[in-house]
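Visitor: Show me how to read this model, one feature at a time. Keep it brisk.

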Amino acid sequence: MEKQIETLMYASRWLMAPIYLGLSLVLIALGIKFFQEIFHLLPNIIATKEADLILVVLSLIDIALVGGLIVMVMFSGYENFVSRLDIDESAEKLNWLGKVDSGSLKNKVAASIVAISSIHLLKIFMDTPNIDNDKIMWYLLIHITFVLSAFVMGYLDKLTKEKV
């Protein structure tokens with residue numbers, strides 16, 4: 001009976017596969033939003049103020065960073081928790097594929113969140129006349145929390161790797 005339970009538990013990792021596949025649908029949604037922003041911008045590019053253009057560009061960079069984060073989580077999570085990806089040797093392969101374990105994935109996600117938060121905070125700072133000071137303070141505190149969390153997670157990961 002123990003062997004059957006262990007076999008069932010091990011096979012249950014495949015329940016994560018549809019979730020990782022579902023992340024590809026989120027990538028499609030991000031792509032649609034990305035090009036929607038560009039199509040809104042292009043007809044009015046001449047009349048757009050420089051600060052507004054920079055805000056749109058920062059939004060596009062934000063979307064690109066989130067997309068990269070999704071790809072990293074999707075592939076690394078699948079490889080770490082479900083199954084190895086069988087990619088033909090003649091096909092183009094991402095150089096980090098198979099090298100990101102769950103610990104380094106966690107650190108990369110934290111670093112990506114800090115980068116995304118930084119861009120969002122920069123957008124807030126560029127629009128400070130239209131945002132209440134107390135909201136700016138909260139955005140800053142949340143960003144600092146992300147930075148400190150990422151630092152602590154990286155430091156703890158370094159400590160655990162030194163002990164091994």
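**Helix packing and burial**

Guide: Start with a pair. Helix 4 and helix 5 are roughly antiparallel to each other. Angles under 35 degrees count as roughly parallel, over 145 as roughly antiparallel, 65 to 115 as roughly perpendicular, and the rest as oblique. Helices (H or I, at least four residues) and strands (E, at least two) are DSSP runs, numbered from the N terminus. This is a predicted model, in which local features need pLDDT of at least 70, side-chain atom pairs count only at pLDDT 80 or more, and totals for chains, interfaces and linings use all residues. Residues are numbered from 1 along each chain as its sequence is written, and side-chain values use heavy atoms, with hydrogens and water left out.

Visitor: At what angle do helix 4 and helix 5 pack?

Guide: Axes are lines fitted to C-alpha atoms, for helices over the stretch in contact, and angles run from 0 to 180 degrees between N-to-C directions. For helix 4 and helix 5 (residues 133-163), the angle is about 160 degrees, with the axes 9 Å apart. Helix 4 passes helix 5 in a left-handed crossing. A crossing is left-handed if the near helix is turned anticlockwise from the far one by less than a right angle, and right-handed if clockwise.

Visitor: Which residues in helix 4 meet helix 5?

Guide: Contact means heavy atoms within 4.5 Å. On the helix 4 side, the residues include Ala110, Ile113, Val114, Ser117 and Leu121. Their partners in helix 5 include Leu140, His143, Phe146, Val147 and Gly154. The residues of this contact of helix 4 with helix 5 divide into 13 nonpolar, six polar and two charged. Ala, Val, Leu, Ile, Met, Phe, Trp, Tyr, Cys and Pro count as nonpolar, Asp, Glu, Lys and Arg as charged, and the others, Gly among them, as polar.

Visitor: Is serine 117 buried or exposed?

Guide: Buried means under 20% relative accessible area, exposed over 50%, partly exposed in between (1.4 Å probe, protein chains only). Serine 117 lies in helix 4. Serine 117 counts as buried because its relative accessibility is 11%. Serine 117 touches His143 and Phe146, not counting residues up to four places away in sequence.

Visitor: What is the relative accessible area of isoleucine 144?

Guide: Isoleucine 144 lies in helix 5. Its relative accessible area is 39%, so isoleucine 144 is partly exposed. Now compare sequence and space. Isoleucine 144 and serine 118 are 26 residues apart along the chain, and their C-alpha atoms are separated by 9.6 Å.

Visitor: At what angle do helix 3 and helix 4 pack?

Guide: About 170 degrees, with axes 10 Å apart. Helix 3 and helix 4 are therefore roughly antiparallel. Their contact has 18 nonpolar, six polar and three charged residues.

Visitor: At roughly what angle do helix 2 and helix 3 cross?

Guide: The axes of helix 2 (residues 17-41) and helix 3 (residues 50-81) come within 10 Å and cross at roughly 165 degrees. That makes helix 2 roughly antiparallel to helix 3. The crossing is left-handed. By class, this contact has 20 nonpolar, three polar and two charged residues.

Visitor: What is the mean pLDDT of the protein?

Guide: pLDDT is the predictor's confidence in each residue, from 0 to 100. The mean is 86, and 96% of residues reach 70 or more. Where pLDDT is low, the predicted coordinates should not be read in detail.
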